[in-house]
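These are my notebook entries on one protein model. I list what I looked up, entry by entry.

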Amino acid sequence: MSVGESSGPVAVFCKLLGRLVSECGIQQSDLARALNRSPAAISGLLHGHRSTLPPWDDVARIVEYCHQRGTTPPSGLTPDLAYWRHRHHEAETDADQAPPRPRAAKPRALPRAETIPADFVSAINVLIGERKGFDRLAAELLEPLKLHGAVVTDLNAVLEGFASRVRASCGTTRTALLRAADLVILVTAFCEAVGTSGIHHATELGYEQADLTGEVLADLEGVTLGSQRVRHSAELRAEIAAAYSYAADTVCDGSGVGGLQPDKLAHRSWSRYQALLAQVTWECPELRLTSETEDPPETMDTPEATVPDASPGRGLAGLSRLLEAFAPDNTAPAPAHQQQLRAPLAQVEESGPRIPHAEAGYINPAFRVASRAVDRALARDDWWQTQPLWGDLEDFLAAHLLTEDATRAPLLVLGHPGSGKSLLTQLIAARLPATEFFCQRVELRHLPADLNIQEQIEEALLRSTGRRTPWTDVTAPDSAAVRVVLLDGFDELLQAAADHMEPARHFTYLQSVQQFQQREADQARPTIVIVTSRTVVADQALTPHPSTVIRLEPFGEDRIRSWLHVWNTTNRRYFSTHALQPLTWEVVGRHEDLAGQPLLLLMLALYDASNNALHQLQGEDIQRLSLYERLLTEFVRRQITKNDTLPADTEAARVEHELQRLSVIAIGMFNRHRQGITATDAEEDLAALLEAAPAGATPLLFGRFFFIHEAQAVVTGHERRAYEFLHATFGEYLLTRLVTGELRRLLATTSPDNNHPVDDGRLYALLSHVPLTDRAEVVRNTREQLNRLSEAHRERLTMLLTSLFNQTPGDTPHRTQVPYRPASTHSTQQDAVYSANLVLLAVLAHSTLRVSTIMGTHNTADRWRRYTLLWRSQLSDGSWTLSHAPWPPSPLPITPPATRTCKWRWPCTTPNKNSAGP
């Protein structure tokens, strides 16, 4: 096949450019990397194998590269841009004035396609369209597979004007064209390789030619190409190479030619595929976006995609630029969505620094793409760390919108609280051109959870437009626009409605979305659906196999620096007026575990905007927990005093009460083994564990805090709410704060000489449901909190805990019964958990604690054995595995009293033997 003209103004210009590259000593492979093009595409350009003039931007990049990297001065040529701009203009003029080539007329845009081709023959028919003269093209292209030395058929005619046809199309028609070209190039490349290899059919083998063609097509048509589903280039290369290898084995087995190596045929097919694809993708950026098999320059030396070193983009501006380049008409988004670009990153109900707007302040995150939509693993952070890391979110989204699978199954976007999932959906809506896409964003938290998919969309349409519009009528019957539905906050449906609806309904929600998309595609109403959800609940719903799943990654240093630049630029005047220093990476970098989530980074910035509070910590050796205490206290204080100025003692009491309530919420989540808590459970817990609120306190103030994520859903006409901390760290800290605070209260109210049982009703209620060792961070926080006590206080605390441990079994008339029931448990199980937690606290409070201090010196081993069996029988397998590390897994050895004392250390696996007496 001819891949371009060898004469004419275009070829003359391209060959002249090739001479410049050659005489400057530039390797074409290096140039391909620099331009992010395949070597085959660069070779075709520099040898004049093109039918159209390359864009000036590409020419300028080549000339600049030669100027910067050239090793020898060109003879009679200059790497001057003005000279090459003039030559490019001349070639452009000459090409326009040249007589038309005696080829088929430039094709019109393909009529609206009802289906996307799934096989080679259908793909050929899509490329042909309504043009004449291609009646036997499919058979002619497959002729080499008959293995009788057929002449290779030219593919150039049917691809004539392909880029223009794609540009004149949209929606399903455009996807059909891209899919057709992708598949035809894949199959034709292999057929051409067979036709030029000299392979002939051995008739004596009796191998049916139809069978051979069918088997080869089955191997190649089964490849998931980039126009069907967004693939990483390395993954796509591997699948194509494997398909060519299988097809080559089939052909070589059927040929009966001894000694022919299938790997050579597969390699020749791959080379031909790259050449054909390069010719088309050079002029068709849409196909290059979906189907490029070459890695970008920054990833050429690594097996996986990595995040580019370049400054990360903002506000999905690149998505807008890509879609504008693809759209033939007006590319403005719908005005209602476009307003989101000027909306602030977060709604903060307080005066102070300005919140950057989304267009400038949203830093495009890095993300990972799941290799397969496995259900259980999607909720695990460790599994996600094994998936490839991508940095080009705009390119990914633009490519996804062009693919076939986008209208067949939902794109699931996962992320931790505060990662910017909702803001991402707002920006997608703001960047989609209204002529190409009809976009409807659906906030699931505000809609009845018992509605089906279409009812949810129609309800959202009513709320956003004020008029009731049937889903079938949102676009004109003759419109080719693709419908895009953004379902934001699927996790909020799962969490807020979990206890009020049939679980199976939401477990299959994503499958219902897929079925909805399939129905819409069958009715010629192609619909793309994007669903957002928190990572932690991803295993609570069945993910359809065809779905693409991505997870937004926390910010690294480069993105934090970019965000800080926007923050400081936005608030330059505020900082100057209030004599504040800008916030820098040197200050924030010490708290990178928090700053990695965009919303928490904003929280740190707002904290620093008050007297440079974060700056003031820079010179201090401030402990981690002290920072959390200051952050939470400051935001609670702001919320309480934003409307009223309170006396200092009143303000302090109100702040402490709110922190106590937040702590109850935190331990409520922990004791229920959940990441969140419903408003109903929260109110019941608060009533059981806290005293009356100070005057003026609101019952659910904690739902308004900046660091609390509030989920909402409407179930059977009632609004259900649930709460979750934006970062698990805050909940773990507040849980520890509550427990150690109660220990301090008991210390303060209990005399060391007291011989009466201690009323530990509230402590028992807090610690008799889940072992603290279930969460390693809780143990770490508790140890740090207890280490702040003086040695004398730790000694007293150890005595108190020992006393509580020995009074736990049996009747407890001294203990106030607190009506706190976070889970259904029986008294034996509660006693087992409570006693295990008491031992843990004693170990954490005392650097080296003797076993006999808690168990007593009489029958120490026997008591230890009985408690070990109690814990093993009452704790879950997971809790037991996590909990038994600090103490001996087996009974103490029976030795003389003077040598059988054992010490616990934290962390350790067994106590340290000590020959000292008890």
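**Entry 1: the whole chain.** I took helices (H or I, at least four residues) and strands (E, at least two) as DSSP runs, numbered from the N terminus. The model is a predicted one. On that basis I found 40 helices and 13 strands in the protein. I then looked up burial: 54% of the 918 residues count as buried. For contacts between residues at least 6 apart in sequence, I noted that 76% join residues at least 24 apart.

**Entry 2: a helix pair.** How do the axes of helix H33 and helix H36 cross? I looked at H33, residues 728-749, and H36, residues 791-806; their axes come within 10 Å and cross at roughly 95 degrees. An angle of 65 to 115 degrees counts as roughly perpendicular, so H33 is roughly perpendicular to H36. Next I listed the residues that meet. From H33 they are Leu743, Leu746 and Leu747. From H36 they are His793, Arg796, Leu797, Leu800, Leu801 and Leu804. Sorted by class, this contact of H33 with H36 has 7 nonpolar, 1 polar and 1 charged residues.

**Entry 3: cavities.** How many cavities of 30 Å³ or more are there? I counted 4 cavities at that cut-off. The largest cavity holds about 40 Å³ of space. I wrote down its lining: Leu412, Leu414, Phe490, Leu494, Leu510, Ser533, Val537, Ala538 and Ala541. Strand S3 (411-415) and helix H21 (490-496) are the elements that give two or more residues to the lining of the largest cavity.

**Entry 4: leucine 662.** I found leucine 662 in helix H31, which covers residues 648-671. Is leucine 662 buried or exposed? Its relative accessible area is 0%, and buried means under 20%, so leucine 662 is buried. I also checked leucine 662 against phenylalanine 730: they are 68 residues apart in sequence, and 9.6 Å apart in space from C-alpha to C-alpha.

**Entry 5: aspartate 681.** Aspartate 681 sits in helix H32, residues 679-689. I read a relative accessibility of 16% for aspartate 681, so this residue counts as buried. What does aspartate 681 touch, not counting residues up to four places away in sequence? I found Arg672 and Arg674. I also looked up alanine 722, which is 41 residues from aspartate 681 along the chain; their C-alpha atoms are separated by 9.0 Å.

**Entry 6: two positive phi values.** Most residues other than glycine have a negative phi. I therefore noted two residues with a positive value.

- Leucine 316 has a phi near 55 degrees, a positive value in a residue other than glycine. I placed leucine 316 in the loop between helix H13 (285-291) and helix H14 (317-326). Leucine 316 counts as buried because its relative accessibility is 0%.
- Alanine 579 also has a phi near 55 degrees, and alanine is a residue other than glycine. Its place is the loop between helix H25 (572-577) and helix H26 (585-588). Is alanine 579 buried or exposed? Exposed means over 50% relative accessible area; alanine 579 has 68%, so alanine 579 is exposed.

Conventions. Residues numbered from 1 in each chain as written. Predicted model: local features only at pLDDT ≥ 70, side-chain atom pairs only at ≥ 80, totals over all residues. Heavy atoms only, no water. Axes fitted to C-alpha atoms, helices over the stretch in contact; angles between N-to-C directions. Parallel < 35°, antiparallel > 145°, perpendicular 65-115°, else oblique. Contact = heavy atoms within 4.5 Å. Nonpolar A, V, L, I, M, F, W, Y, C, P; charged D, E, K, R; others polar. 1 Å grid on protein atoms, 1.4 Å probe; cavity = no way out; pocket = protein on both sides within 12 Å on 5 of 7 lines; lining within 4 Å. Points joined across faces, edges and corners; volume = space filled by probe spheres on them. Buried < 20%, exposed > 50% of the residue type's maximum accessible area, 1.4 Å probe, protein only.
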